[in-house]
Amino acid sequence: MTDLHAHLKKPVYFSTAYVFTAWITGIAAVYQPVLSVIGVAVLLLLAVTVHNPARISYPVLLSTAISVNYIIDADVFGIEIISLYKLGILVLLIPCMLKNGIRLTLVYPILALAAMLFLTFFYSDWHPRLNASLSLKAFIGLALPFVFLLIKWKEEMAQRHIQIICLLPLVSVAAGLLLQLAHLYSFLDIEFTGAVRVQGANIAPHLAMLAFLGITIALIETKRNPDKAKFFYLTLAANFAVLIATGTRGPILAMLAMVAYYFFDIVRQYVKGKVMLIIPLVCSVALLAAAVYVQWDNMTKRSFERQTGTGIDLSGRTEAWAFFLKGAEASPMTGRGLGSVTVANDGSLYKGFVVPHNEYIRFYYDAGYIGCGLLFISLLIVFALIYRVLEQHIKVYYAAFIFGFFLYSFSDNTLSTVQFIIPFCWYLNCLYRLSRTIPKKEDVIP
């Protein structure tokens with residue numbers, strides 16, 4: 001009788017919950033329509049997560065195509081929207097971790113960041129505006145993307161994730177067009193120099209990061225997964241067009257080594273008799289020529305020069321680097337405390353330089369030589385572990401990809417921007433997962 005009574009009451013509980021949720025959503029929609037829509041979306045995602053944890057990974061990964069903190073200028077209960085976003089994706093992926101399991105083989109960057117937090121509380125010379133809650137928030141925000149190195153995705157899911165990552169720039173462009181039509185966000189960014197940059201549902205540098213990953217990962221995947229070569233060649237071309245449209249120079253320079261090896265590899269195989277490779281070769285050359293022709297004026301406008309105390313300065317970066325390096329002199333070995341770089345700009349720099357746009361200087365400022373060294377050594381260990389399991393014919397492409405990451409980190413916030421570090425870690429995990437399942441030649445029975 002008790003079970004029957006509980007069963008009869010169950011729909012009542014659900015109905016009450018639905019009515020209460022609808023009531024709260026209706027009130028919120030009057031005062032915060034955008035946030036109420038996001039709230040409903042999160043509730044739906046939570047429902048899907050409970051029912052099928054694996055499927056939630058797709059919308060979570062797709063969400064990195066949108067820079068929510070630039071589109072929604074609001075705090076929720078005093079929490080910044082970007083922090084709330086990171087917390088949300090962590091909550092949504094907990095069921096995925098429980099179902100698929102985790103592996104600790106690639107946990108080193110999280111341990112390095114934990115060591116940096118330890119240095120902060122016991123050895124760093126704190127910046128006057130730094131506090132404990134800011135350091136903890138910085139640790140959580142920086143460590144969260146590396147959690148995506150740990151999830152043991154199923155093989156078929158890992159392959160889908162890689163394809164989604166290659167589509168992220170196009171998703172951003174499509175979402176940006178919809179936001180423009182709805183008059184919620186500008187699809188284009190017109191700078192004071194007169195340069196016009198496509199930004200989609202991001203800011204232009206973030207869209208460029210997505211495009212950089214879409215291009216370089218597609219290049220690797222055309223070699224690793226030739227059965228899907230047409231898909232990856234198409235996304236590569238589309239992502240290159242997006243990258244050029246952003247008018248961003250950093251990622252173009254960062255991928256030069258990889259592109260150079262790609263051309264060398266194609267020509268080498270063509271000479272050996274693979275005549276069909278003339279098609280991607282000719283198309284690639286034509287695409288590069290068209291890109292230079294279309295964007296030359298934009299690039300020229302963005303390459304402005306101005307006189308600063310440090311000499312001629314491009315885009316303000318050298319001035320910012322000098323400012324943060326000088327601030328780090330107070331504690332060169334252990335830094336000014338994790339998260340201190342975000343409050344270091346006293347107004348003497350352009351407000352866009354919340355951080356120095358150089359990840360080596362950023363973590364040197366926060367954690368000194370010790371903390372910065374630990375972090376980048378941990379990354380090298382992860383990259384080396386993945387390199388060891390790769391097939392021989394893609395190792396050079398992968399090495400060029402990692403070289404591009406280190407080069408890109410000199411001019412932008414690769415480790416602290418959602419649009420770069422989450423897809424980057426996600427891909428590395430998938431690549432490691434799929435490469436470890438390839439049978440060794442000696443294990444294959446002829």
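**Exercise 1.** How many residues does helix α7 have, and what distance does it reach from its first C-alpha to its last?

*Solution.* This is a predicted model, in which local features need pLDDT of at least 70, side-chain atom pairs count only at pLDDT 80 or more, and totals for chains, interfaces and linings use all residues. Residues are numbered from 1 along each chain as its sequence is written, and side-chain values use heavy atoms, with hydrogens and water left out. Helices are DSSP runs of H or I with at least four residues, numbered from the N terminus. Helix α7 (residues 132–147) has 16 residues and reaches 23 Å, close to the 22 Å expected at 1.5 Å a residue, where the expected span is 1.5 Å times one less than the number of residues.

**Exercise 2.** Determine how α6 is oriented relative to α7, and describe their contact.

*Solution.* Begin with the axes, which are lines fitted to C-alpha atoms over the stretch in contact, with angles from 0 to 180 degrees between N-to-C directions. The axes of α6 and α7 come within 9 Å and cross at roughly 170 degrees. The pair is therefore roughly antiparallel, a term for angles over 145 degrees. Turning to the contact (heavy atoms within 4.5 Å), the residues involved include Leu-113 and Leu-117 of α6 and Phe-139 and Phe-146 of α7.

**Exercise 3.** Is Asn-413 buried or exposed, and which residues does Asn-413 touch?

*Solution.* Asn-413 lies in the loop between α16 (395–408) and α17. With a relative accessible area of 9%, Asn-413 is buried, the cut-off being under 20% with a 1.4 Å probe and protein chains only. Leaving aside residues up to four places away in sequence, Asn-413 touches Met-209, Val-355, His-357, Asn-358 and Glu-359.

Notes. Helix = DSSP H or I, 4+ residues; strand = E, 2+ residues; numbered from the N terminus. Parallel < 35°, antiparallel > 145°, perpendicular 65-115°, else oblique. Buried < 20%, exposed > 50% of the residue type's maximum accessible area, 1.4 Å probe, protein only.
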